[in-house]
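Dear colleague,

I am passing on the structure below, together with some notes on what turned up in it. Please look it over alongside the text that follows.

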Amino acid sequence: MARKKSQDGFPTAAPFLPERLTLPSLQRAAAGCRGCDLWKNATQTVFGEGPSKALVMFVGEQPGDYEDRQGHPFVGPAGQLLDEVLVEVGIDRSEVYVTNVVKHFKWEAAQRGKRRIHKKPRHSEIEACRPWLDAELTVVQPQVLVCLGASAAQGLLGKDFRVTRDRGKLIPSDLAPQVMATAHPSSILRAPDAQQREQQRAEFVRDLKKVADLLSKKNVSRAA
Ligand code: URA
Ligand code: SF4
């Protein structure tokens, strides 16, 4: 398979990074990334968005169908749920940067019809795309980093990370002063029935309340 390779043979976005790391220069450069094969079937790169000094960074898996068409992260149903819960727990959108471990939509055609079905990225694709996320972390330097779902958590915190076991806990990590993982809002939307959806949503709210508490403590100490 003709995949763009680094010198040691792995696909990577590294050669596409700009020299000066700012959010606008990163976004411009990422638009032309060919670091792995995923750009080929996607409409466009969906880079992270939010203020460059956001206190909290949410990291999802990859753009979905809506995000791929619109070019912005978390603008589909999962993003709507995330926005709703942020309001509910009192996290101001102006404090939040949202992004994904993989910046292109990976999908396969539905067996019937024209629907594009989300396909889980491989570990090698998450690794290939990692230089973009590292650059986002370097620029934004969030106080709190929140991994949404297993792809982000395992990509950033290690393959053995289990969201079901360790969600909502503070995880020691060099990536940010405070790091936590929780469920992905898409998995809540996929719950098999209304009762399970409500329960999963409540667990998600509980985890994001902890994030809100961390941020309010930070604000207090900053004001002091
Ligand atoms: N799911 C994600 O992980 N990221 C998005 O941007 C949208 C849906
Ligand atoms: Fe580049 Fe990431 Fe897209 Fe692969 S998924 S082409 S590494 S931006």
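**The ligand and its surroundings**

The shell around ligand 1 is made up, by class, of three nonpolar, five polar and two charged residues (Ala, Val, Leu, Ile, Met, Phe, Trp, Tyr, Cys and Pro count as nonpolar, Asp, Glu, Lys and Arg as charged, and the others, Gly among them, as polar). This is a predicted model, in which local features need pLDDT of at least 70 and side-chain atom pairs count only at pLDDT 80 or more, while totals for chains, interfaces and linings use all residues. Residues are numbered from 1 along each chain as its sequence is written, chains are lettered from A and ligands numbered from 1 in the order in which they are written, and side-chain values use heavy atoms, with hydrogens and water left out.

The residues that surround ligand 1, each with a heavy atom within 4 Å of it, include Gly-60, Pro-73, Phe-74 and Asn-100. A polar side-chain atom of His-184 lies 2.6 Å from an oxygen atom of ligand 1, and a backbone N or O atom of Glu-61 is 2.9 Å from an oxygen atom of the ligand, whereas a polar backbone atom of Gln-62 lies 3.0 Å from a nitrogen atom of ligand 1.

**Lys-103**

Lys-103 counts as buried because its relative accessibility is 1% (buried means under 20% relative accessible area, with a 1.4 Å probe and protein chains only). The side chain of Lys-103 makes a polar contact with the side chain of Glu-136 at 2.7 Å (a pair of N or O atoms within 3.5 Å; within protein, one must be able to donate a hydrogen and the other to accept it, and residues adjacent in sequence count only if both atoms are side-chain atoms), and the Lys-103 side chain also reaches the backbone oxygen of Asn-100 at 2.7 Å.

Key:
Buried means under 20% relative accessible area, exposed over 50%, partly exposed in between (1.4 Å probe, protein chains only).
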